[in-house]
Amino acid sequence: MTITSPAAPAATLTKKDFTSDQEVRWCPGCGDYAILAAIQRTLPKVGSRPESTVFVSGIGCSSRFPYYMNTYGFHTIHGRAPAIATGLKVARPELDVWVITGDGDALSIGGNHLLHALRRNVDLQIICFNNEIYGLTKGQYSPTSDVGVVTPSTPFGSIDQPLIPVRVALGAGARVVARGYDVSKKLAEVLEAAHRHEGTAFVEVLQNCIVFNDGVHELVTSKKTGPQHQLWLRHGEPMRFGPKGERGLRLDPRSLALEVVDVAGDEREGVPESELVVHDETNRNLAWMLADLAEVKALGVLYREVGPVYDRDVAAQAALARAQSEGDLDAVLRSGHTWTVT
């Protein structure tokens with residue numbers, strides 16, 4: 001992709017500097033538009049520059065993303081975006097590399113590549129658009145589709161147990177795991193938190209497919225019901241949610257599971273705030289429980305941990321190898337067991 005933005009101090013860059021001249025072609029009303037706008041707004045805030053930013057995508061509706069960014073980009077093959085992005089980051093560690101993928105692209109054919117990028121902790125932001133359906137290929141069920149969902153490929157209803165993307169990431173050893181949704185004003189905050197982390201940050205974005213799975217996340221995302229089912233996590237703060245923070249999460253001492261409770265307040269009976277669980281984003285076990293709750297969807301940073309960064313360690317190892325090498329390639333090739341053909 002040709003970079004059209006002129007060089008400018010980072011402080012002067014805006015969303016427009018990261019917007020390409022290509023016509024955006026998603027279905028009207030698709031949640032991808034909101035995610036695109038959120039990322040374009042986020043990049044200037046985190047100090048990114050078009051000439052040093054790369055978006056790598058696989059195959060699917062979400063994977064058209066690089067065309068709409070005034071940055072460098074790779075539209076790769078199905079499921080292989082994490083592998084391509086890993087190679088790029090190792091070869092050019094100074095670049096800001098983002099992976100754009102979907103629930104089918106990342107968690108079906110791309111599951112193996114996603115797993116290894118996460119466990120290695122490559123310095124990437126992996127954004128997984130989850131609409132719980134295959135949109136580009138006309139509505140087949142995906143690895144995240146609910147049991148019973150009827151699609152062209154499951155005419156009697158899906159019998160598969162769905163994957164929970166953030167649990168897949170946690171199980172693979174991801175160091176930052178977060179979740180947001182497409183039209184949320186707080187999505188940019190989640191993206192900024194992911195970008196601040198040195199290593200792989202996995203962000204699941206609940207996204208609406210208006211054609212093949214419209215309203216799949218409506219309980220959480222709608223203005224009417226959303227506040228009752230959105231738990232925005234803040235490190236070090238009690239877990240409260242609801243329009244007025246009237247509900248919260250407490251650890252059941254018998255089952256050792258999180259339970260939803262009413263919080264006591266003015267003229268309202270319930271448990272005191274002191275009994276609520278305080279979010280600790282360094283606690284992997286807590287993040288695992290938060291990943292799949294029945295009555296509420298945990299949003300924001302579920303888990304964050306500092307650890308060895310793959311591309312940085314590869315560079316250090318390569319530098320060590322160069323320092324210890326003989327330096328004479330011809331001599332190395334002719335050393336040891338060689339022979340002469342006459």
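Guide: Here is a short tour in questions and answers.

Guide: This is a predicted model, in which local features need pLDDT of at least 70 and side-chain atom pairs count only at pLDDT 80 or more, while totals for chains, interfaces and linings use all residues. Residues are numbered from 1 along each chain as its sequence is written, and side-chain values use heavy atoms, with hydrogens and water left out.

Visitor: How many helices and strands does the protein chain have, and what makes a stretch count as one?

Guide: The protein chain has 11 helices and 11 strands. Both are DSSP runs numbered from the N terminus: a helix is H or I with at least four residues, and a strand is E with at least two. The C-alpha trace spans about 95 × 50 × 45 Å along its principal axes.

Visitor: In what order do the eight strands of the open sheet stand?

Guide: The order is β2-β1-β3-β4-β6-β5-β11-β7, and the pairing is mixed. Two strands pair if DSSP finds at least two bridges between them. β4 (residues 125-130) and β6 run parallel and are joined by six bridges, so they meet that rule. Cysteine 128 stands opposite glutamate 204 in β6. On β5 (residues 176-181), six bridges again give parallel pairing with β6, and alanine 178 stands opposite valine 203.

Visitor: What makes the crossover from β5 to β6 right-handed?

Guide: The chain goes from β5 through helix α6 (residues 187-196) to β6. The crossover is called right-handed because, with the strands pointing away from the viewer, the path from the first strand over the helix to the second runs clockwise.

Visitor: What does β5 do with β11?

Guide: β5 and β11 (residues 297-304) run antiparallel and are joined by four bridges. Valine 177 has tyrosine 303 as its bridge partner in β11.

Visitor: Why is β6 called largely enclosed?

Guide: A residue is buried under 20% relative accessible area, exposed over 50% and partly exposed in between (1.4 Å probe, protein chains only). Six of the six residues of β6 are buried, so the rest of the structure largely encloses this strand. Ala201, Val203 and Val205 cover one side, and Phe202, Glu204 and Leu206 the other. For the protein chain, buried residues make up 48% of the 342 residues.

Visitor: Is lysine 138 buried or exposed, and how do you know?

Guide: Lysine 138 has 54% relative accessibility, so it counts as exposed. This residue lies in the loop between β4 and α5 (165-171). Lysine 138 also has a positive phi of about 80° although it is not a glycine. Most residues other than glycine have a negative phi.

Visitor: Where is leucine 256 found?

Guide: Leucine 256 is found in the loop between β9 and β10. These two strands form a hairpin with six residues between them, and leucine 256 in the turn has a positive phi of about 55°. Its relative accessible area is 56%, so leucine 256 is exposed. β9 and β10 pair in the antiparallel sense over five bridges.

Visitor: Which residue forms a salt bridge with arginine 240?

Guide: Glutamate 273 does, with the closest N and O atoms 2.9 Å apart. Glutamate 273 sits in the loop between β10 and α9 (284-290) and arginine 240 in strand β8, 33 residues apart. At 39% relative accessibility, glutamate 273 counts as partly exposed; arginine 240 is partly exposed at 27%.

Visitor: How many salt bridges does the count come to?

Guide: The count comes to 16 salt bridges. Arg175, Arg284 and Glu305 are linked in a network of them.

How values were computed: A salt bridge is a side-chain nitrogen of Lys or Arg within 4 Å of a carboxyl oxygen of Asp or Glu.
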